[in-house]
Amino acid sequence: MELVLAIAIGVLVASGTWLLLRPRTFQVIIGLTLVSYAVNLFIFSIGGLRTGADPVLRKAADGIAQYADPLPQALVLTAIVIGFATTALFLVVLLTSRGLNGNDHVDGGDGTP
Amino acid sequence: MSQHLLIAPIVVPLLAAALQLLAGERRQRLVATLSMASCLALVGVATALLLAAAGQGGDTVTTAVYRLGDWPARFGIVLVGDRLSALMLLLSSVVALAALPAALGRWQQRGNYFQPLFQFLLMGLNGAFLTGDLFNLFVFFEVLLAASYGLALHGSGARRVSAGMHYIVVNLTASMLFLLGVSLVFGVTGTLNMAALAELIPTVPEKTRALLHAGAAILGIAFLIKTAMWPLGFWLPRTYAASAPAVAAMFAVMTKVGIYVLLRLGLLLFGDGAGPASSHFGADWLLWGGIATIVAGVVGMLGARDLGKLAGYNVVISSGTLLGAVGLQQPAVTAGALAYLVISTLGIAALFLVAGLLAPEGEEEADDALALEPYEPVGSEVRSDDLYADEDESRTVIPAPVAMLGVSFTACALLLAGLPPLSGFLAKFAMLAPMLEAPTRPGTHALFALVIIAGFCTVIALCRAGIQIFWAETDRRFPQVRVTEIGAIALLLGLCLLLTVVVQAPLDYLDAAARQLHDPGNYVHGVLPPAEMRP
């Protein structure tokens with residue numbers, strides 16, 4: 001499972017970075033979204049990957065091996081909310097820029113210097 | 001009561017912003033009163049915190065800790081107020097107070113929700129200065145960034161939206177890096193509390209130390225993007241020049257948040273006590289990065305074609321100087337750097353406000369920044385005729401506002417270049433003198449020389465701008481200036497003037513702050529009391 005997750009994060013970051021460097025605003029916002037997915041998966045994975053473990057200790061006797069660290073889950077939730085809000089804001093700016101400049105180039109021009 | 005004072009810098013602007021949103025856009029007088037009250041209250045609270053921090057003795061625990069929900073630090077989250085935090089709180093609230101009249105004047109009408117966003121920006125700034133753990137630092141960073149996105153776009157227009165979009169993309173990417181760094185540090189150490197991290201870092205096993213360093217470096221890049229280190233800072237001059245003047249003045253403080261965090265984390269986590277493998281991690285990067293930033297800022301400043309960009313590149317130079325000084329990690333240099341931080345922030349904020357007043361009052365779409373005409377020494381026979389004409393020309397009367405603006409501009413130039421007699425000189429001297437005495441790191445002399453050269457180039461650039469604005473074009477029409485707007489600039493410059501006369505007490509305070517920063521034990525014991533002192 002570790003390998004699958006690692007590859008997934010790598011693919012998301014790679015494609016997100018490529019899209020971030022593209023000249024059109026829509027590509028940039030999709031790139032940002034992909035990178036934020038990758039970061040969220042990464043945060044989620046730092047607590048260790050366990051299947052079927054409780055997030056909170058039920059009995060101290062079970063030991064700490066049988067529980068999933070709840071803190072990364074709290075962190076990722078916050079990160080998702082903030083990332084969603086800022087992406088929505090960026091979408092508004094993108095549309096405003098499209099309306100003001102009449103094209104969707106990140107520099108506001110039509111791409112020709 | 002006094003212990004709850006520590007959370008007031010976050011709660012006051014939050015409440016003010018919420019009330020302003022409820023009041024709506026129509027009741028402008030109420031909204032303005034709320035803003036003014038909030039800013040005045042913040043100055044008061046910050047002064048009280050500063051005096052409390054200054055009053056405490058050198059040996060006792062001088063770190064005020066506020067436990068949210070009264071959970072002990074390892075489980076709950078804490079706010080920490082020490083001398084550096086109090087200083088930064090006072091700085092941000094004073095600049096906010098000075099920026100407010102400009103914001104209330106002609107900029108408020110150009111868009112919606114200016115004042116609530118301004119208060120949220122203050123809340124994020126204050127929270128970032130106070131928080132004691134990394135994840136809340138991220139949250140407060142996002143609060144201040146979200147507000148700054150709105151403020152940077154305030155007034156709309158193609159130029160502003162285009163610059164603002166670059167700013168948003170760069171900072172969203174930086175936030176992703178911030179999260180990656182935070183999660184790596186958490187993965188290695190299992191905590192995000194800064195004091196607990198400082199305790200844990202010397203004991204991290206060698207196997208995972210590289211991972212910890214990678215996390216810290218990624219975090220560092222996120223902060224360096226905020227401070228605009230070369231080559232991560234190309235977004236800064238354009239965004240700052242395109243913003244409304246009051247906003248740009250606040251952004252001058254925002255850049256310093258990155259410096260604050262680098263200073264705090266660099267000395268707390270990777271100071272002398274971090275063990276042989278981790279102490280001074282990344283310090284060389286800061287030093288050389290700072291040097292490169294100064295060079296980039298100087299080149300940009302000499303080539304700047306409008307006053308907004310000129311001020312923006314001054315922000316870059318100030319960042320570079322501070323990065324280099326922080327990278328040296330010597331207590332005496334740090335104390336001087338704090339003085340320089342205060343003075344340069346006040347000076348740059350004043351310069352942005354002056355630039356805003358000088359800008360022609362155009363329509364929505366017209367470029368608001370004041371463009372500097374290219375200097376044409378040749379082919380100007382007409383001019384030379386003018387120059388040597390008979391002295392029958394009518395006497396020019398300089399109106400009072402123009403004279404005030406000219407004096408303010410000169411004072412800004414003196415402060416930023418670090419020329420005597422103003423406090424800019426004292427601050428630069430306090431920072432540079434210990435560099436030569438103390439045991440030097442390779443690159444110290446380069447930094448020393450570059451700071452002086454940068455000061456010289458600042459004189460050139462600002463003199464040229466001043467001549468073109470005030471002397472060369474006699475038919476330039478200056479816009480109407482309100483008394484409050486001039487008063488705000490006078491407040492900032494008057495503070496700098498006051499710091500020229502009252503020197504010893506502030507320098508003692510900064511010295512104590514630097515010593516406190518270089519002694520992480522103080523911070524750690526304040527947040528995590530030793531076992532015998534715990535209740």
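1. Helices, as the word is used in this note, are DSSP runs of H or I with at least four residues, numbered from the N terminus.

2. Turning to the interface, 25 residues of chain A are in contact with 21 residues of chain B. On the chain A side, helix 2 (25-45) and helix 3 (70-101) each supply at least two of the residues that touch chain B, and helix 3 of chain A provides the largest share, namely 13 residues. Sorted by class, this side of chain A consists of 17 nonpolar, seven polar and one charged residues.

3. As to confidence in the assembly, the predictor assigns the complex an ipTM of 0.90, together with a pTM of 0.88. For chain B taken by itself, the mean pLDDT is 83, and 87% of its residues reach 70 or more.

4. Within chain B, the element with the highest mean pLDDT (92) is helix 4 (residues 114-130), whereas helix 14 (residues 381-387) has the lowest (46). Over residues 375-392 of chain B the pLDDT stays under 50, and the model has zero contacts beyond four places in sequence for that stretch. Residues 362-368 of chain B likewise stay under 50, although for them the model has five contacts beyond four places in sequence. Where pLDDT is low, the predicted coordinates should not be read in detail.

5. A helix pair in chain B also deserves a comment: helix 11 (residues 283-303) and helix 12 (residues 307-328) of chain B pack at an angle of about 160 degrees, their axes being 7 Å apart. Because angles over 145 degrees count as roughly antiparallel, helix 11 of chain B is described as roughly antiparallel to helix 12 of chain B. The crossing of helix 11 of chain B with helix 12 of chain B is left-handed, and the residues of their contact divide into 15 nonpolar, eleven polar and one charged.

Definitions and conventions
Residues are numbered from 1 along each chain as its sequence is written. Chains are lettered from A and ligands numbered from 1 in the order in which they are written. This is a predicted model: local features need pLDDT of at least 70, side-chain atom pairs count only at pLDDT 80 or more; totals for chains, interfaces and linings use all residues. Two residues are in contact if their C-beta atoms, placed from the backbone, lie within 7 Å. Ala, Val, Leu, Ile, Met, Phe, Trp, Tyr, Cys and Pro count as nonpolar, Asp, Glu, Lys and Arg as charged, and the others, Gly among them, as polar. pLDDT is the predictor's confidence in each residue, from 0 to 100. Axes are lines fitted to C-alpha atoms, for helices over the stretch in contact, and angles run from 0 to 180 degrees between N-to-C directions. Angles under 35 degrees count as roughly parallel, over 145 as roughly antiparallel, 65 to 115 as roughly perpendicular and the rest as oblique. A crossing is left-handed if the near helix is turned anticlockwise from the far one by less than a right angle, and right-handed if clockwise.
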